[in-house]
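Welcome, and please take a moment to look over the sequence and the model below. We will walk through it together, one region at a time.

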Amino acid sequence: MTQMLPSAAVLGARAFAALAGLNRFSDEPGKLTRLYLSPAHRQAAEWVKGAMEVAGLSAFIDAAGSVQGRRDGAAAGHPSVMIGSHIDTVKDGGRFDGNLGVVAGILVAQALRDAGITLPFPLEVVAFGDEENVRFPTHLSTSEALAGRYDPAWLDGRDADGVKLSDALVAFGGNPAGIPALARKPGSIRAYLELHIEQGPVLEAENEPVGIVTTINAQSRARVRITGEAGHAGTVPMALRKDALTAAAEMALALEAIAGSHELAVGTVGVFRPNPGATNVVPGAVEFTIDFRAPKNETLASMETAIRARFAEIATRRGVGLDIVPYARAEAVPMDPALQEALAAGVTKTGSNLATRRLPSGAGHDAMSMAAVAPAAMLFVRNEKGISHSPLENMTEADAGIAIRVMLETILELAERSK
Ligand code: HGY
Ligand code: MN
Ligand code: MN
């Protein structure tokens, strides 16, 4: 049966051609910025829906803005196997983060349809729209919708321009009231599989094209607001200042030190907005974000305690106000062991010389949400120097082809196991 299937080389070429089509849609000319519910997201969603239909899937854009495609199995009533990832990006992001996993699902469906193979279970492909959570204070909201864990408070969240998520969703063509109905019943999805670039250095360092994810690290994000006193940069004596920016800067360095002193942890201040932001004004306020992660939940909890204590001490000593507003928290999510084995079988069938390397994920993924409603597993594919969330993100067509062929072989392995 597998002789009818496209080779890894053909799949890689198809993937790069599809990504070139999909990545025309950006909110910023000359960069790849495709934020949730933006005009570029709408264009990309329409493109994905069309590509799904060409591949033999019936497809629609759902109430939360994700694109869902489905091809029925040989018999009714079986739980589906879903391949998913996301088509939203960070600002000035890379071409492969999320997009590759969606294109992979479409190409797997197309290859099975072209080979005349009907699976014993429905095959679904989903392009989630809010995995990066860059525009609104949400956390994996579109996959959480399918997991039945959508937080209605997200609808009231606002972006940097003050646009409310619910208003943006309606303008996009979505339907806030229709989100609860997106929740999948436990047992209705037999497996959720996601192909994603590693966004780290391990596979490249070990000269392996693919790897199997064991666990997705725990993570927490918060918005922090520092309130000091704006003043004339030329007249306010240093000893009398309540400089919000220098207080925030000391907190950013404290986060860095805390992350550095916890095992395999990371901590990042990615957004830093001083106000009013004028050369000759002592900043009266600063809004910044913190993002910290660790492989173990208890490490994350210890970091959170240290962060709150250090930030409070700095605020008191400097006489500024401190407001920490957490908006996203995810426990570490182990990947399903049986699905990891199915992926390992898919790797071996693709190339006996390929290692079934296991490794954790420092990055978050929609698989964290989907693991709440289905067994979930992820396949990593090597990307150049592990660079991601950057226009320098790159990978080879050959590796993309190998990874998509592994996904194809894994789906066939699951079909075999359901006999
Ligand atoms: O931030 C993350 O871990 C993911 O890329 N959204
Ligand atoms: Mn991603
Ligand atoms: Mn990302």
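Which residues does Leu379 touch, not counting residues up to four places away in sequence? Before answering, a word on what you are looking at. This is a predicted model, in which local features need pLDDT of at least 70 and side-chain atom pairs count only at pLDDT 80 or more, while totals for chains, interfaces and linings use all residues. Residues are numbered from 1 along each chain as its sequence is written, chains are lettered from A and ligands numbered from 1 in the order in which they are written, and side-chain values use heavy atoms, with hydrogens and water left out.

Now to Leu379. It touches Glu194, Leu195, His196, Val210, Gly211, Ile212, Leu343, Val347, Ala403, Val406 and Met407, where a contact means heavy atoms within 4.5 Å. Leu379 belongs to the largest nonpolar core, which has 104 residues, and together with Ile411 it touches the most other members. A nonpolar core here is a set of buried Ala, Val, Leu, Ile, Met, Phe, Trp, Tyr and Cys residues joined through side-chain atoms within 4.5 Å. Buried means under 20% relative accessible area, exposed means over 50%, and partly exposed is in between (1.4 Å probe, protein chains only). The biggest contribution to this core comes from helix α11 (residues 397-417), with 11 residues. A second, separate core of 27 residues includes Met251, Ala265, Ile290 and Phe311. As background, nonpolar side chains tend to be buried together in soluble globular proteins. The helices (H or I, at least four residues) and strands (E, at least two) are DSSP runs, numbered from the N terminus.

Let us turn to the metals. Which protein donors hold the manganese ion (ligand 2)? They are His86 (NE2), Asp97 (OD) and His196 (NE2), lying 2.1 to 2.2 Å from the ion. Donors are N, O and S atoms within 2.8 Å of the metal (3.2 Å for Na, K and Ca), and water is not among the atoms, so sites may look incomplete. Along the chain, the donors of this ion follow the spacing H-x10-D-x98-H. The two histidines link distant parts of the chain: His86 sits in strand β3 and His196 in strand β5 (residues 189-197), 110 residues apart. Both His86 and His196 are buried.

Asp97 also leads us to a neighbouring site, as this residue bridges the manganese ion (ligand 2) and the manganese ion (ligand 3), which lie 3.4 Å apart.

Next come the charged pairs. The structure holds 27 salt bridges, each a side-chain nitrogen of Lys or Arg within 4 Å of a carboxyl oxygen of Asp or Glu. Back in helix α11, Glu409 and Arg405 lie 4 residues apart, about one turn of the helix, and form a salt bridge whose closest N and O atoms are 2.9 Å apart. Glu409 counts as buried at 4% relative accessibility, and Arg405 is buried at 12%. In helix α8 (residues 297-318), Glu313 and Arg317 are also 4 residues apart, with their closest N and O atoms 2.8 Å apart in a salt bridge. Here Glu313 counts as partly exposed at 34%, as does Arg317 at 47%. Another salt bridge joins the side chains of Lys419 and Glu416 (3.0 Å, N to O). Salt bridges that share partners join Glu250, Arg310, Glu313, Arg317 and Arg318 into one network.

Finally, visit Asn217, in the loop between β6 (210-216) and β7 (218-227). Asn217 is buried, with a relative accessible area of 9%.
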